[in-house]
Amino acid sequence: MAAVTTAPARAEPNLLIRIASRPTALAGLIVVTVIILLSVLAPLIAPYAPSQLAVRDRLQGPGMAHLMGTDELGRDVFTRVLYSGRTSLTVGFAVVVFASAIGVTLGLVAGFFRRFDAPVSRLIDAMMAFPDILLAIALVAALGPSAANVVIALGIVYAPRLARVVRASTLVIRELPYVEAARALGVPTPVILVRHVLRNVVSPLLVQATFIFANAILAEAGLSFLGVGISPDIPTWGTMISVGRQFLDQAPWIMWFPGGAIILTVLSLQLLGDGLRDFLDPRLAKDV
Amino acid sequence: MLRSALNRLIGMAIVMFLVVTIVFVIVRVTPGDPAAVMLGPDATAEDIASLRERLGLNAPIPVQFLTYFGGILRGDFGQSIFLNIPVTHALWLRAEPTFFLTVFALAIAAAVALPVGVLSAYWRGSAFDQAATMLAMFAASIPSFWLGLIFMQIFAVQLGWFDTSGYGGPGASFAERMHHLVLPAVTLGLISSALITRFTRAAMLDVLNDDYVRTARSKGMSEWRVVVRHAFKNALIPILTVIGLTAALLISGAIVTETVFGLPGVGSLIVSAVLRRDYPVIQGALLVVAGLYVLVNFVIDMLYLLVDPRVRY
Amino acid sequence: QTAGGVIDVATIGEPPTLDPMASTADLVGIITQHIYETLYTFGADWTVTPLLAADMPTISEDGLTYTIPLRTGVTFHDGSEMTSADVVASLDRWMRIASRGKQTAEVIDGIAATDEATVTITLKSPYAPLLSLLSLNNAAAIIIPEENADQDPLESYVGTGPYRLEERVPDQYIQLVRFEDYASRDGEPNGYGGARLQHLDEIRFVPVPDPNTRIEGAVAGQFAYVDQLPVEAYDRIAGGATEPVVLAPFGWPVFVMNTQEGLNSDLRIRKAIQAALAPEDMMLAAFGSEDFFSIDGAWYPDSYAWHTEVATEPYKPMGDTETAMALLAEAGYDGSPLRILTSRQYEYHYKMAQVAQAYLEAAGFKVQMDVVEWATLTQNRADPALWDIYITHSPFLPEPSLMGIMSDSSPGWWATDAKHAAVEAFNAESDPAKRVELFADVQKVIYEEVPAYKVGNFNALAAQAPNLEGVAPAPWPYFWNAYLGDE
Amino acid sequence: MTLDADTILSVRDLRTWFKGRHSIAKAVDGVTFDLKRGKTLAVVGESGSGKSVTSLSIMGLLARPGAIESGQILFRDRQERVHDLARFSQKQFRALRGREIAMIFQEPMTSLNPLYTVGDQIGEMIALHEPISPSEARKRALEMLRHVEIPDAAGRLDDYPHQMSGGMRQRVMIAMALACSPSLLIADEPTTALDVTIQAQILDLLRRLQDQFGMSILFITHNLGVVAEIAHDVVVMYAGRVVEQAPVMELFARQTHPYTRGLLACTPDAERDLGSEGERQALYSIPGSVPPITDLPPGCAFEPRCGYAVPACRNALPPLVKAGENSISRCIRSHEI
Amino acid sequence: MSAPEAPLLDVRGLTKTFVGRNGRTVHAVSDVSFSVRRGTTVGLVGESGSGKTTAGRSVLRLIEPSGGKAVFDGVDLFSLSEREMKAYRKRLQIIFQDPFSSLNPRMRIDAILSEALDAADFARGAARRERIAELLAIVGLSPDHARRFPHEFSGGQRQRIGIARALAVEPEFIVADEPVSALDVSVQAQVLNLLGDLQKRFSLSILFIAHDLSVVEYLCDDVVVMYLGRVMESGPSRKVYANPRHPYTRALLATAPVPDPTRRKARVPLMGDIPSPINPPSGCVFRTRCPMAIEACAQAIPPVEDLGGNHHVACIRHAELA
Ligand SMILES: Nc1ncnc2c1ncn2[C@@H]1O[C@H](COP(=O)(O)OP(=O)(O)OP(=O)(O)O)[C@@H](O)[C@H]1O
Ligand SMILES: Nc1ncnc2c1ncn2[C@@H]1O[C@H](COP(=O)(O)OP(=O)(O)OP(=O)(O)O)[C@@H](O)[C@H]1O
Ligand SMILES: [Mg+2]
Ligand SMILES: [Mg+2]
């Protein structure tokens with residue numbers, strides 16, 4: 001007997017209010033917002049220019065002149081953390097967008113059209129067989145190390161994960177009576193896909209997206225650390241750490257601050273995602 | 001049972017075939033001429049042309065694919081450009097540290113995560129749960145190389161309990177080699193434990209709300225028995241899945257951790273292969289690692305058959 | 001001074017090959033110099049001294065014939081004895097395979113075994129750098145058994161050196177053990193030459209590609225010797241379990257210009273770059289403290305005979321942005337990007353590039369950085385279409401002719417009449433004193449034509465266990481003569 | 001704590017609330033009823049009226065944040081001792097559950113642990129409460145399967161739950177519940193998920209087992225047909241409160257609360273609702289819908305939907321009053337109905 | 001307009017098999033025939049898994065039937081292409097059991113109704129707004145409910161919205177798949193009354209799927225009793241209820257609990273469980289539980305016999321029950 005399926009998310013228009021009712025999720029939301037604001041407003045906030053050298057002021061500890069100290073070329077670490085945030089967040093965000101574009105398409109197709117389910121699912125399985133960093137490394141090695149290619153590589157890495165989530169939700173939604181009602185009315189399939197399926201996949205997708213955002217930031221840092229990611233002359237938190245690592249002893253702040261920024265960002269994204277998951281899609285807790 | 005095993009086996013074969021195809025495609029999209037890469041900067045145009053001929057790079061793509069696929073079926077993954085040995089051999093030389101690293105890391109992760117996950121689900125919303133959830137999330141937010149560096153700084157450099165890097169010299173005893181794995185395994189284990197903790201908690205929460213748990217309680221048994229015998233055993237099924245997923249996570253982690261700790265494992269081989277443009281090694285490593293992942297998940301599927309009498313694929 | 005002991009030496013990575021003919025990489029030279037030997041080598045004062053040759057060659061009056069007497073009773077690791085046939089076969093292979101050998105082959109007329117223990121080299125024209133080339137340990141003219149000379153790539157690692165290859169596990173270690181039948185020269189050790197003592201039983205070269213891991217290893221005292229540490233780690237090393245060893249000066253970083261294609265084919269642009277760069281900031285960023293570098297426009301520091309201050313005026317420690325701007329205007333620079341090709345294999349390359357970028361931009365350049373892996377860099381630099389400047393470094397070589405820019409075919413492709421005139425005169429002269437004078441002309445041409453920009457002198461930092469003795473600081477460290485003392 | 005000698009369970013003014021951050025869900029708010037020895041008391045009410053929460057309160061199985069706010073749950077055990085379960089600790093409950101009070105649930109599909117055979121699960125129940133060897137437990141489990149009339153009981157002992165149909169599983173649940181001969185069986189909608197023909201089998205079985213084992217049954221349902229089928233006495237709940245209690249015959253003959261009356265009237269009945277030519281009379285229907293239990297009116301919760309409502313209904317919660325020979329009702333106009 | 005005797009929908013030999021996950025065939029509906037006259041309600045009853053939903057959905061081509069035909073207003077729906085079927089979609093509608101999952105939680109009520117009006121090519125603008133208000137009024141909701149989301153409604157109200165959506169396209173025929181079984185009894189009556197009224201008002205024809213026999217008896221003109229994918233008995237409700245001629249119908253009627261303790265009688269319930277549709281019994285599918293089964297029942301599928309007055313039964317021993 002087909003199991004009785006429950007409707008996935010009950011829509012809650014006042015999501016923000018609901019998030020605000022959970023302290024950890026709210027904290028996550030606030031921190032993420034602050035970090036995004038700081039990055040966006042970097043040119044206004046930053047006391048220096050991001051690549052303004054002052055070799056003679058190199059490796060100065062945090063102080064009044066330089067909130068977070070200076071790096072090995074005498075650049076202001078605070079400024080660079082802000083500017084790096086722009087790239088790191090942009091990369092993370094672009095990965096989410098790119099991965100979603102592929103993942104949603106694949107997931108919808110596999111979930112909605114039985115015919116494509118088996119082939120697409122097998123493809124997803126095969127893609128998931130590659131550990132994320134490994135696949136990303138190989139793809140970056142193949143495409144060449146540039147920010148755009150890192151985004152493409154990570155997007156390809158995370159797309160199957162999203163596709164799985166979307167497929168799973170689509171499989172459930174496809175069978176729901178409101179989809180059937182639409183078919184009974186003769187609503188064209190593309191409209192059904194968008195209006196009924198996609199719209200209800202948005203919740204689990206949003207939850208996943210926050211986690212992928214977080215993961216992408218970590219992965220980018222990992223790739224940069226390994227020296228196979230974004231070119232080091234583009235400041236990202238990952239590249240800052242990989243450079244700062246050499247001064248772990250003399251000037252630990254060069255690595256601490258971008259590292260702290262990563263941890264803070266990733267942690268708050270996770271808190272936010274966790275909160276969203278609780279509100280939007282409790283069933284998802286056990287999915288990938 | 002046999003039938004479902006066979007079904008899974010066929011599924012696995014299909015996935016493996018796709019894996020092989022994906023790797024082929026990745027290597028094909030790599031810009032630049034593999035022959036030119038292999039021969040290095042001093043090569044003449046004639047050298048490159050003759051190597052292309054020898055490698056079959058002039059054949060049509062489907063023929064190339066067949067040749068390549070045939071090679072893989074025979075266990076021939078090609079020759080490392082840099083190391084000048086067969087890729088399989090290179091991987092085999094590097095297998096031991098990676099194998100033990102992942103096994104230890106998984107053991108550590110499971111030893112930490114399972115009890116913590118079970119208890120925080122059981123005491124949902126308690127201070128313990130909140131602390132554990134926060135900690136797990138925090139652990140999952142730390143870049144693994146960062147944690148490795150800090151451990152190295154404390155335990156190897158300052159306390160001197162471990163070597164900072166390497167895997168022992170020639171003839172190093174097994175114990176000595178394992179000693180080198182302690183820090184990397186702890187690093188990797190702690191970070192992976194975050195994921196397993198969260199999944200364990202979620203799986204336990206799920207089953208703790210199940211009707212049969214209420215039935216078990218209504219029988220008048222101790223909570224311990226309810227949780228372990230009735231709830232946990234059911235939660236084990238999704239947890240097994242995570243452990244399978246963790247296998248991939250561990251290998252990703254191993255790539256970074258091995259690099260930090262200078263372990264001569266498959267992970268660091270992959271990184272050096274990328275830096276050295278040793279495409280056959282990259283390709284071979286991708287295949288082997290993905291193959292292992294598929295295999296691990298196949299084994300886990302088989303475990304389902306043992307644990308869960310309902311599973312009939 | 002006891003015999004015995006095993007040492008671990010941390011190196012910067014896995015050597016691409018154990019055939020020193022096939023590679024110019026320092027790493028390959030460092031390791032393989034323990035296995036193979038050349039006819040000549042460098043003494044403590046960088047003069048050429050015989051190694052497998054019995055003595056210095058007899059050079060004919062016209063400078064075209066070198067008669068080299070060989071030592072007898074030297075055995076290879078496979079037990080066979082070295083004869084002139086082995087030497088001739090080896091040198092043939094060298095001229096066929098080694099990049100320096102190929103370059104030398106152009107002036108060599110023939111190599112012949114005169115008898116069992118004598119080899120004669122005849123030249124087409126006098127060529128002073130010959131002995132230095134035969135002495136160098138990379139792209140080295142090593143002597144191997146005749147029957148192995150056909151191998152390419154080399155498969156039997158059989159040499160005459162004091163240590164022989166026991167086992168190689170890629171990326172884990174290269175294990176060398178004492179060669180019991182080694183025939184050492186008599187007398188005292190003299191740099192790379194003289195007697196070679198075999199105190200140690202075993203030397204293991206352990207690749208530790210990550211510089212930070214090397215530092216940690218050094219601080220923790222995990223290795224007897226750690227090569228190529230970032231100089232800024234000096235204080236940490238000093239506070240750790242091993243002792244810092246500074247080789248001062250070690251070498252020079254260099255910005256090589258692509259004279260063949262692109263922006264830098266215009267001398268005025270090159271001159272503008274020369275004026276724009278501020279070596280002091282670049283060196284400071286790269287090496288941290290004056291203790292580890294010096295600002296010096298001369299291509300050889302004053303500890304070398306080749307040192308001369310001739311023509312170094314354009315070298316301005318703080319740069320000269322105005323002059324650069326003027327030159328740039330004069331060249332009619334159109335704002336197309338100046339492409340700097342660099343890698344982070346050597347972190348200081350990259351840091352210098354960053355500072356250079358700032359100064360070049362201040363002078364009006366538009367700069368594009370191509371930060372790639374070292375392997376890619378060595379590949380890309382061979383293609384003139386891909387770059388305008390690439391960054392590398394070199395230890396101070398005993399013979400100026402060995403410098404990359406001296407060859408027309410090395411990346412940069414500097415080949416002008418003025419260069420040829422100066423270099424040929426320099427190479428043809430065999431009198432050392434005169435050669436020093438002639439080198440001043442070479443340096444002058446370099447400053448006039450700017451095929452490359454030497455940034456300064458820098459020191460190398462290594463670390464060594466307190467009980468490791470008998471290791472002389474050297475650009476290519478060697479461990480014969482080394483022994484383990486009491487702790 | 002006084003309890004009639006033939007009363008086995010007496011729930012007195014029980015209040016079980018779920019306290020949230022912003023609201024209190026008064027899931028059970030003043031439930032009172034008595035269950036006689038060897039009898040079946042049916043609790044009926046619509047979804048959300050607090051039936052399950054009542055039964056979980058009795059079993060001590062409330063999940064947080066649910067807690068008994070006030071009231072008594074007096075229970076007479078086999079040694080004739082009377083306990084107030086409202087004050088029991090979990091430890092005390094453990095000795096009681098399964099042995100004195102057993103429970104079966106609505107979803108036979110999910111109430112059995114999928115990973116153990118039915119024999120194991122029945123045997124476990126026995127082994128928990130009696131010192132018994134595994135083989136002995138197995139024998140007893142088999143015996144119980146026979147009691148619940150599972151065909152080929154010996155062959156099914158080692159079946160897993162998923163290998164059985166819903167009806168079979170519900171029989172297994174009953175076998176498990178009765179394994180230690182409890183004096184009280186709580187059945188929370190045990191037939192709701194089953195087909196009518198299977199439902200009839202289970203009801204039939206329960207009746208026979210009651211004769212055989214002599215246990216009292218607290219039977220929770222929302223189906224008045226089932227009530228008529230099995231109950232001796234009936235409690236009707238609405239929005240967490242008991243609105244009426246009466247012997248089954250009395251209740252169906254004459255309802256003393258407008259809600260009960262409405263419930264019966266709105267179940268279609270061909271005799272009543274169809275004319276001789278099959279023409280339909282409109283069904284009686286209760287207007288409006290059940291109020292949310294977090295936000296109950298101060299007076300009678302049924303007042304907004306009630307045809308008999310007078311302004312007095314709105315002011316205070318009507319008390320439970322004697323309304324018929326053996327029935328009580330929470331309606332101030334019960335005598336007029 | 002049409003000949004009085006031609007039914008609006010005539011289903012003949014409807015068959016639907018599913019291929020289950022393990023490759024085994026599920027015989028969900030086998031050779032089912034019934035017809036729905038204009039303006040009448042036909043009840044489809046049977047236990048869980050008997051194929052009621054499958055039959056209903058097949059008729060609307062929401063799943064592709066495996067065999068048979070469904071002649072609607074003279075046209076066999078099963079022979080139409082998906083495109084031709086589109087024209088018929090708005091003449092046949094469906095309402096569902098689960099009031100929670102039958103409305104898209106992310107769409108406001110007006111959007112849900114609007115989608116249905118789109119399907120009927122209803123003009124946009126003020127007319128549409130009026131029509132939505134009218135539809136809401138028809139099902140007893142107020143027009144200002146239009147801007148709300150489904151979760152803001154109770155189960156009964158949601159069911160009304162589902163009905164409004166089906167009515168929006170002015171269908172002639174509605175499949176109502178257990179529209180009241182998820183509702184509380186007090187609300188159930190409201191919805192039943194509504195359905196009854198609407199049927200009269202718009203002279204709808206309804207296929208009413210239910211497992212509650214008293215509801216069917218109350219609401220339906222004809223009844224079709226299914227068991228394990230097959231029709232056991234069909235005919236006018238009054239006849240079937242008063243004089244069931246199939247042992248299964250009999251058992252169903254006997255076992256259905258009646259809210260009247262005085263009518264509680266010692267009745268023998270049917271033995272055993274419903275067999276699996278993967279592997280239905282040979283001959284008469286009911287024989288494994290039939291108190292009257294004889295050997296002949298296993299031999300052949302019993303033919304459908306016409307008892308006159310549109311009363312049909314598929315039992316070889318029906319005469320004994322007369
Ligand atoms: N954990 C909980 N938290 C908050 N409210 C709860 C909880 N459990 C139950 N309730 C509320 O208590 C009320 C009574 O629930 P209960 O399960 O007893 O109803 P019921 O009569 O058994 O209904 P049904 O017929 O649907 O089983 C419901 O309104 C429900 O929402
Ligand atoms: N998509 C499907 N795939 C496989 N089997 C199916 C599918 N849909 C229904 N079935 C099977 O077909 C049979 C008839 O199902 P159907 O839902 O039509 O029964 P029903 O009479 O509506 O039952 P219920 O009263 O439970 O709604 C069942 O055995 C069911 O398991
Ligand atoms: Mg309940
Ligand atoms: Mg159905």
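Mentor: Start with a definition. Helices are DSSP runs (H or I) of at least four residues, strands are DSSP runs (E) of at least two, and both are numbered from the N terminus. Keep in mind that this is a predicted model.

Trainee: Where is C:Ala311 placed?

Mentor: C:Ala311 sits in a loop of chain C, between strand S15 (293-294) and helix H9 (321-331). S15 covers residues 293-294, and a strand needs at least two residues.

Trainee: What makes the phi of C:Ala311 worth a remark?

Mentor: Its phi is near 70°, a positive value in a residue other than glycine. Most residues other than glycine have a negative phi.

Trainee: Is the peptide bond from C:Ala248 to C:Pro249 cis or trans, and how do you know?

Mentor: That bond is cis, with omega near -15°. Most peptide bonds are trans. C:Pro249 itself belongs to strand S14 (residues 243-257) of chain C.

Trainee: On to chain B. How many helices and strands does chain B have?

Mentor: Chain B has twelve helices and zero strands. Read along the sequence, its pattern is α-α-α-α-α-α-α-α-α-α-α-α. The C-alpha trace of chain B spans about 85 × 55 × 35 Å along its principal axes.

Trainee: Which chains share the most contacts?

Mentor: Chains A and B do, out of eight pairs of chains in contact.

Trainee: Why is the pair B:Arg198 and A:Asp274 called a salt bridge?

Mentor: Set the distance against the cut-off. The side chains meet at 3.1 Å, N to O. The limit is 4 Å, from a side-chain nitrogen of Lys or Arg to a carboxyl oxygen of Asp or Glu. The pair therefore qualifies as a salt bridge. It crosses between chains, from helix H8 (residues 174-208) of chain B to helix H11 (residues 253-280) of chain A. Over all chains, the count comes to 69 salt bridges.

Trainee: How do you know that chain C and chain D do not touch?

Mentor: Contact needs heavy atoms within 4.5 Å. The nearest C-alpha atoms of chain C and chain D are 49 Å apart. Chain C and chain E have no contact either, with their closest C-alpha atoms 49 Å apart.

Trainee: What area is buried between chain C and chain A?

Mentor: About 1900 Å², and carbon and sulfur atoms give 49% of that. In chain C, C:Asn212, C:Glu232 and C:Arg344 lose the most area to chain A, together 25% of what that side buries. The contact takes 21 residues from chain C and 19 residues from chain A.

Trainee: How many salt bridges are counted between chain C and chain A?

Mentor: One. It joins the side chains of C:Glu232 and A:Arg58, at 2.8 Å, N to O. The cut-off is 4 Å, so this pair passes. Four residue pairs are in polar contact across the interface of chain C and chain A, both residues at pLDDT 80 or more.

Trainee: Which element gives the most to the side of chain C that touches chain A?

Mentor: H10(C), with six residues. The residues of that side divide into eight nonpolar, four polar and nine charged.

Trainee: What is the average pLDDT of chain A?

Mentor: It averages 83, and 92% of the residues score at least 70. Over residues 1-13 of chain A, the pLDDT is below 50, and this stretch has 23 contacts in the model beyond near neighbours in sequence. Residues 282-288 of chain A are also below 50, with 16 such contacts.

Trainee: Now the ligands. Where does ligand 2 lie?

Mentor: Ligand 2 lies between chains A and E. Of the 14 residues around it, E:Ser48, E:Gly49, E:Lys52, E:Thr53 and E:Thr54 come nearest.

Trainee: What makes E:Gly49 a polar contact of ligand 2?

Mentor: A polar backbone atom of E:Gly49 is 2.8 Å from an oxygen atom of ligand 2. The limit is 3.5 Å, so the pair counts. A backbone N or O atom of E:Ser50 lies 3.2 Å from an oxygen atom of ligand 2. For E:Glu178, a polar side-chain atom is 3.3 Å from an oxygen atom of the ligand.

Trainee: Which residues are around ligand 1?

Mentor: Among them are D:Ser47, D:Lys51, D:Val53 and D:Glu189. A polar side-chain atom of D:Ser47 lies 2.7 Å from an oxygen atom of ligand 1. For D:Val53, a polar backbone atom is 2.8 Å from a ligand oxygen. The side chain of D:Glu189 has an N or O atom 3.1 Å from an oxygen atom of ligand 1.

Notes
Residues numbered from 1 in each chain as written. Chains lettered and ligands numbered in written order. Heavy atoms only, no water. Buried area = accessible area lost by both parts, 1.4 Å probe. Polar contact = N/O pair within 3.5 Å; in protein donor to acceptor, adjacent residues only side chain to side chain. Nonpolar A, V, L, I, M, F, W, Y, C, P; charged D, E, K, R; others polar. pLDDT = per-residue confidence, 0-100. Near = heavy atom within 4 Å.
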